[in-house]
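Try each one yourself, then follow the solution.

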Amino acid sequence: MPLQLEIVTAERVVLSEEVDMVSAPSYEGRVGILPRHEPLLTVLQPGELHYIKNGVSMPYAISGGFMEVLPNRVTILADTAERADEIDEARAEQARAKAEQAVRDRQGAVDVAQAEIALRRATVRLQVAKLRRNRQQ
């Protein structure tokens, strides 16, 4: 019995597919979801979300959001979500360098917090893009 996984952002439905397992980065730690899981609602932090279908893991970079789990359905309401093949590594590397500089400059509490969030997002995007590249080699 597979899980119906939906990943949705404000702009689009990123994915709607039957999968075998979902692994997501919640604030309480990484959460693994299998069919018939107990209902759950959790906040997601920026990180790698992946699902497994037919033994193949598919990674996504998400920048936070919410996850609702029902026995046979997982809905991810993400701030942003990108498949590994959608990520431009050069742009992500530039964003990371810019965020690192902003963190070092320490302009103000709000600016530092925003820079740290941007840094985390860029780092996750690079990690997911590198996963794809490593699989292709």
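**Exercise 1.** Is Glu86 buried, partly exposed or exposed?

*Solution.* Start with the cut-offs: buried means under 20% relative accessible area, exposed means over 50%, and partly exposed is in between (1.4 Å probe, protein chains only). Glu86 has 29% relative accessibility, so it counts as partly exposed. Before going on, note that this is a predicted model, where local features need pLDDT of at least 70, side-chain atom pairs count only at pLDDT 80 or more, and totals for chains, interfaces and linings use all residues. Residues are numbered from 1 along each chain as its sequence is written, and side-chain values use heavy atoms, with hydrogens and water left out.

**Exercise 2.** Which residue meets Glu86 in a salt bridge, and which network are they linked in?

*Solution.* First, the rule: a salt bridge is a side-chain nitrogen of Lys or Arg within 4 Å of a carboxyl oxygen of Asp or Glu. The side chain of Arg83 meets that of Glu86 at 3.5 Å, N to O. Arg83 is partly exposed, with a relative accessible area of 29%. Next, look around the pair: Arg12, Arg83, Asp85 and Glu86 are linked in a network of salt bridges.

**Exercise 3.** Which parts of the chain does the salt bridge of Lys53 and Glu17 tie together?

*Solution.* Begin with the contact itself: the two side chains meet at 3.0 Å, N to O. Now place both ends: Lys53 lies in strand S5 (residues 40-53) and Glu17 in strand S2 (residues 13-19), so the bridge ties together parts 36 residues apart in sequence. Strands (E, at least two residues) and helices (H or I, at least four) are DSSP runs, numbered from the N terminus.

**Exercise 4.** How many salt bridges does the structure hold, and where does Glu6 find its partner?

*Solution.* The structure holds five salt bridges. One of them joins the side chains of Glu6 and Arg73 at 3.2 Å, N to O. Glu6 sits in strand S1 (residues 3-8) and Arg73 in strand S7 (residues 73-78), so to speak distant parts of the chain, 67 residues apart. 

**Exercise 5.** Which residues of helix H1 are buried?

*Solution.* Ala92, Ala99 and Val103 are buried in H1. Seen down the helix axis, the buried residues fall within an arc of 40° (taken from the directions from the axis to the C-beta atoms), so they line one face of H1.
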